[in-house]
Amino acid sequence: MQQSPYSAEEEQSLMSELWDPQLADDLEKFVMFVYPWGKAGTPLANRQGPRTWQRDDLQAMSEHIKNNRARVAMGLEPVMYREATASGRGTGKSAKFAWLTHWMMTTRLGSTCVVTANTEPQLKSRTFAEIGRWGAMALNKHWFDYSVLSVKPRGWFASSLRDQLGIDSQYYYTQGQLWSEESPDAFAGVHNPQGVLLIFDEASGIPVPIYTVSEGFFTEPEIDRYWLQASNPRRNSGGFFDSFHSQKHRWRLRHLD
């Protein structure tokens with residue numbers, strides 16, 4: 001079992017920083033803290049932070065979390081966050097998805113992230129490749145094990161969460177999930193009170209039955225419920241198209257050049 005590379009005191013300090021609500025509920029601050037922006041000798045040596053549109057989206061999610069906590073404090077049910085982005089390639093949407101899965105795994109302990117895409121090659125070679133690339137740069141990369149289509153807590157970390165916080169890691173993962181239009185029910189997700197993040201990459205190619213069954217991910221009124229999708233809007237029908245038309249009242253929408 002691989003252990004933390006830090007001393008017990010250093011590891012505890014890192015956990016305290018990452019789990020502090022001032023950081024954990026502020027996605028822009030989290031992204032700036034956990035990755036080595038501008039640090040010499042890293043892939044981010046010449047980059048000082050997210051792009052403007054990415055910062056805007058991170059800030060919007062942070063505001064949503066703040067509002068949800070206020071709703072719960074008033075005895076109201078929290079609302080779900082839905083976001084759809086229409087864009088071409090090279091805009092940084094897959095990088096943002098990678099940040100969000102890492103944020104969810106780091107700060108929403110025990111939560112579930114499900115990621116899918118229009119095709120298996122897209123999911124494996126692009127979306128999850130980006131998740132792995134950013135995970136390898138993260139300050140707490142030693143918390144997790146990365147494979148082709150999954151991110152899971154390392155043994156020592158899972159044991160620590162179970163023994164110290166009573167958190168079961170059974171549903172604590174980021175999972176790349178394939179779909180079949182002929183068997184949409186096989187895509188049905190888990191119900192996790194620790195939080196659920198669902199990501200559709202290149203969503204224009206994902207059929208309506210998968211959208212329909214995906215609503216089942218979010219039946220429980222938990223604070224941390226997020227559904228994000230992005231795609232080149234190359235089709236004039238389907239679930240992604242509907243998000244910008246007949247269902248636009250349900251989504252936070254963005255168009256990127």
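A salt bridge here is a side-chain nitrogen of Lys or Arg within 4 Å of a carboxyl oxygen of Asp or Glu. I start my notes with that, since I went looking for charged pairs. I also keep in mind that this is a predicted model.

**Entry: the network**

Which residues are linked in a network of salt bridges? I found D56, D57, E83, K96, R252 and R254 joined that way. For the whole structure, I noted 19 salt bridges.

**Entry: K96 and E83**

K96 sits in helix α5, residues 93-107, and E83 in strand β1, residues 81-86. The two are 13 residues apart, and the pair links distant parts of the chain.

Are they buried or exposed? K96 has a relative accessible area of 2%, so I put it down as buried. E83 comes out at 1%, so E83 is buried too. The cut-off I used for buried is under 20%.

**Entry: α3 against α4**

Next I turned to two helices. Helix α3 covers residues 27-34 and helix α4 covers residues 52-73. They pack with their axes 7 Å apart, at an angle of about 125 degrees.

Which residues make the contact? From α3 I listed L27, E28, V31 and M32. From α4 I listed R55, L58, Q59, M61, S62 and I65. Sorted by class, I get six nonpolar, two polar and two charged residues.

**Entry: R55 and E28**

Both of these names were on my contact list, and their side chains meet in a salt bridge, 2.5 Å from N to O. R55 lies in helix α4 and E28 in helix α3, so the pair ties together parts 27 residues apart in sequence. I checked accessibility as well: R55 is partly exposed at 24%, while E28, at 17%, counts as buried.

**Entry: R69 and D25**

One more pair involves α4. The side chains of R69 and D25 meet in a salt bridge, at 2.8 Å from N to O. Where do the two sit? I found R69 in helix α4 and D25 in the loop between α2 (21-24) and α3. They are 44 residues apart, so I noted this as another link between distant parts of the chain. R69 is partly exposed, with 36% relative accessibility, whereas D25 is buried at 17%.

Side chains of opposite charge can pair when their charged atoms come close.

Key:
Residues numbered from 1 in each chain as written. Predicted model: local features only at pLDDT ≥ 70, side-chain atom pairs only at ≥ 80, totals over all residues. Heavy atoms only, no water. Axes fitted to C-alpha atoms, helices over the stretch in contact; angles between N-to-C directions. Helix = DSSP H or I, 4+ residues; strand = E, 2+ residues; numbered from the N terminus. Contact = heavy atoms within 4.5 Å. Nonpolar A, V, L, I, M, F, W, Y, C, P; charged D, E, K, R; others polar. Buried < 20%, exposed > 50% of the residue type's maximum accessible area, 1.4 Å probe, protein only.
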